[in-house]
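Let's walk through a structure together, one piece at a time. Keep the picture open beside you and look up each part as we reach it.

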Amino acid sequence: MFIPLSEIGRAGRQGNPSPLTALTLSAQPRLPQVHLFDTELGPHILAVDGTRIYKVGSEVAALLARGLEARDSEQVNALLTRLGLDTAPYITDEPLAPPPVRALSLAIAQKCNLGCTYCYADGGSFGTLPKQMSLETALAAVDLLFKDAIRDERVNLTFLGGEPMSNRPVVRAATLHAHRRAQETGANLSLSITTNGTLLTPEDGDFFEEHGFAVTISLDGVGKSHDAQRPFKNGRGSYDRIIERVRPILAQQRKMQVSARVTVTPRNLDLPAVLEHFIELGFHSVGFSPMLSSPTGQGEMQGGDLAVMLDQMIAAGQEFERNVVAGRRYPFLNMVNAMREIHRGTHRPYPCGAGAGYMGVSAEGDLSACHRFVENEAGAMGSLATGVDLQRQGQWLAARHVHRQEPCRSCWARYMCGGGCHHEVIQRGRPACDYIRGWLHYCLQAYIRLAETRPEYFGYPAARA
Amino acid sequence: MEGVDPKNLSAQLAYRGVGNPPSSHPDTCISNAFPGLEMDFRNAWKRIFVGIEIHEASNYVVKVDDDVDDDVRVLANGYLLVSVDGEPVEVSVTGPQVPGGPIMPLPDTAFNDPKMPIERSNALANVIHQKAGKEVRCVFRLAPQPGGALPANEDDRIEVMLRVRPFFATGLDADGNPHKLAVINRDIAEPGQLSESLCSPWQNDYRECGCYYWAASRPDFVNVESRPDGTSTGHNWMQRDRTPTTPKVYIVDDRKDPRLVTYDELFEDWEGKLRFEISGRDAE
């Protein structure tokens with residue numbers, strides 16, 4: 001059933017499911033090889049392997065709908081073959097061979113001045129004593145990053161924590177060292193930092209601008225809504241202080257890009273208003289991510305919360321669509337990324353590069369699958385002193401392949417989603433599948449609309465007037 | 001049945017028109033880029049510089065446009081492209097002539113020229129990426145004469161500025177700025193040019209090439225039988241006499257060997273001489 005967008009978010013008429021429920025039903029997994037979705041421009045299918053999207057006629061759509069409802073894999077495969085859509089597999093069971101590490105995040109300070117209610121790092125120190133990364137460790141991490149790097153190879157260095165700016169001298173020294181190594185090797189360095197913003201100075205802005213940093217500020221809402229989740233350790237609100245520190249840096253943006261990242265809990269679900277406010281403040285982009293796993297369970301999203309979030313995300317997505325159609329930039333990051341990936345047909349057997357080309361480094365120089373697995377044995381990957389533990393890395397890549405995940409193997413969204421954040425899945429499981437599928441179903445529909453009305457957005461020649 | 005309309009890039013790349021065989025798709029076709037059964041990709045480079053046309057397999061200037069200046073017109077008198085924007089497009093090839101032999105220059109047989117053209121997708125990658133639509137300095141040298149006579153003055157080089165034709169087509173992004181598409185620019189080839197110089201496999205190229213080139217569609221060793229010691233015996237597909245009673249001795253390819261079919265025989269009766277091979281055996 002096709003639900004007009006204007007209906008989503010409204011209560012269902014008597015006896016009918018609400019439009020949002022109907023969308024979630026349409027997005028349910030039926031068969032793993034294909035997903036059928038309807039739009040104002042007619043029915044379309046997603047051929048799951050290769051993330052290939054085709055418009056189909058009503059006759060094909062009806063046949064496919066019957067096959068999907070009956071879970072008749074044989075019939076659906078025969079139909080795909082008749083349509084010429086059967087191909088050699090794009091993604092096989094073969095795990096990724098361990099690639100060289102070309103992205104590292106340094107837990108440059110395993111301590112923090114905020115006391116966020118849901119922090120995966122448990123107040124910044126990952127459940128251990130607070131500590132700072134030494135200069136020696138940071139430089140050794142940079143050397144690992146550039147080991148055997150070649151000209152034009154992409155290399156990314158990220159500073160995380162705790163709060164990385166509480167160890168500013170090491171952030172600066174590691175950046176300069178990375179810059180030198182990039183010049184020596186000819187590799188293409190990108191730098192990023194995720195900070196709570198409370199300690200930023202105008203000089204930091206100069207430094208980030210000079211080196212073209214991607215700066216991410218964690219902000220969970222406007223004013224009190226943010227303060228309720230991200231107070232200082234003494235309980236005082238942090239929002240005013242952050243905005244005071246960040247505003248001048250937003251005005252400095254030329255090479256650097258300053259973005260806002262919003263962690264969504266049941267207490268800050270008013271997403272379109274937050275998005276609008278932060279875009280107006282001048283953030284380069286604004287992205288939302290649901291809180292799915294916290295050490296204490298506090299702030300974790302449950303099924304009902306995720307349904308509300310989906311409704312809010314779609315409302316924000318519709319605003320994105322309106323702006324793009326009008327030719328205006330609207331940096332709603334989740335939507336920008338979804339449109340780019342759907343357009344390319346991005347398909348992947350993992351959700352991210354964690355434990356592959358990307359790793360985290362703890363303050364003491366231990367390697368882990370990503371910044372979230374610092375001090376966590378489940379994602380341990382060796383150390384700077386002994387190098388990447390190739391055996392553990394190989395086991396990780398084999399075990400984390402989406403073909404080894406349940407219920408992912410039978411889900412149409414598996415190559416767009418990749419199976420979900422490893423850390424959240426290992427800690428809590430997969431509570432957000434309906435939310436992810438609902439969001440991707442909406443994004444597929446939005447892609448079809450925008451490719452028709454605003455083809456220039458995707459680099460195609462403009463539509464004829 | 002209704003067809004389907006591919007919408008995103010991965011669907012477009014994988015798309016096969018209704019009724020077309022699998023071999024019509026680049027990743028399953030036999031073209032092998034050149035000479036090709038479906039298209040000859042080398043032809044996409046012939047018109048990369050405005051005003052001249054270069055040979056698909058060498059750096060030889062084949063012709064110049066009617067309206068070019070005199071300093072470009074002279075390139076039609078037997079010149080070879082040497083470098084573009086400071087990057088060489090030819091390289092000296094050296095190696096042993098026989099296994100274990102001394103390393104020496106390896107000239108081509110037609111011109112006795114020890115320099116060979118470099119594959120263009122690599123040699124011109126920076127130029128098409130950074131200099132599309134712009135003029136670049138191109139250096140040419142006089143080509144050796146057929147048979148290997150070197151030009152009177154080997155150092156006679158010509159430098160001209162030539163405009164690079166954009167290799168990729170252009171779209172517009174959301175702000176109306178030009179944006180490179182993953183599509184070959186329409187101007188890069190004249191109609192029909194991409195499918196010039198294709199193979200004629202049955203008549204020519206099956207005779208010309210070994211099975212290593214036609215792995216999917218050209219058998220080599222046919223009517224094979226295993227022997228108790230683990231070795232095998234059979235016929236060369238190009239062997240004229242392949243009856244069930246013909247002794248199974250593989251005849252090593254040599255176009256002068258009268259036991260093997262000739263080009264003329266293939267032109268006249270390729271289907272009779274080659275026959276279909278089913279499960280590795282000559283079909284009746």
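Strands here are DSSP runs labelled E of at least two residues, helices are runs labelled H or I of at least four, and both are numbered from the N terminus. Two strands count as paired if DSSP finds at least two bridges between them. Strands of a sheet pair through backbone hydrogen bonds, either parallel or antiparallel.

Before going on, a word about what you are looking at. This is a predicted model, in which local features need pLDDT of at least 70 and side-chain atom pairs count only at pLDDT 80 or more, while totals for chains, interfaces and linings use all residues. Residues are numbered from 1 along each chain as its sequence is written, and chains are lettered from A and ligands numbered from 1 in the order in which they are written.

Back to the strands. Within this pairing, Tyr54(A) stands opposite Pro6(B), and Lys55(A) faces Asp5(B). Now zoom out to the sheet: it is open, has four strands in the order S1(A)-S2(A)-S3(A)-S1(B), and its pairing is antiparallel. At its edges lie S1 (34-39) of chain A and S1 of chain B, each pairing on one side only. From one strand to the next, the twist averages 30°.

How many residues does each chain bring to the contact? Chain A gives 31 residues and chain B gives 19, where two residues are in contact if their C-beta atoms, placed from the backbone, lie within 7 Å. On the chain A side, S3 (52-56), H2 (58-69), H12 (333-344) and H16 (433-453) each supply at least two residues. The largest share, five residues, comes from S3(A). By class, the chain A side has 14 nonpolar, ten polar and seven charged residues. Here Ala, Val, Leu, Ile, Met, Phe, Trp, Tyr, Cys and Pro count as nonpolar, Asp, Glu, Lys and Arg as charged, and the others, Gly among them, as polar.

H16(A) also has a partner within its own chain. Helix H11 (residues 303-325) of chain A packs with H16(A) at an angle of about 10°, their axes 10 Å apart. Axes are lines fitted to C-alpha atoms, for helices over the stretch in contact, and angles run from 0 to 180 degrees between N-to-C directions. The two helices are therefore roughly parallel, a label for angles under 35 degrees. Among the residues that meet here are Leu306(A) and Met309(A) from H11(A), and Trp439(A) and Tyr442(A) from H16(A). This helix contact divides into twelve nonpolar, three polar and three charged residues.

Another helix pair is H5 (residues 135-145) and H6 (residues 168-185) of chain A, whose axes come within 9 Å and cross at roughly 30°. H5(A) and H6(A) are therefore roughly parallel as well. Leu135(A), Ala138(A), Leu139(A) and Val142(A) make up the H5(A) side of their contact.

Finally, find Tyr90(A) in the loop between H3 (73-82) and S4 (103-110) of chain A.

Terms used:
Angles under 35 degrees count as roughly parallel, over 145 as roughly antiparallel, 65 to 115 as roughly perpendicular and the rest as oblique.
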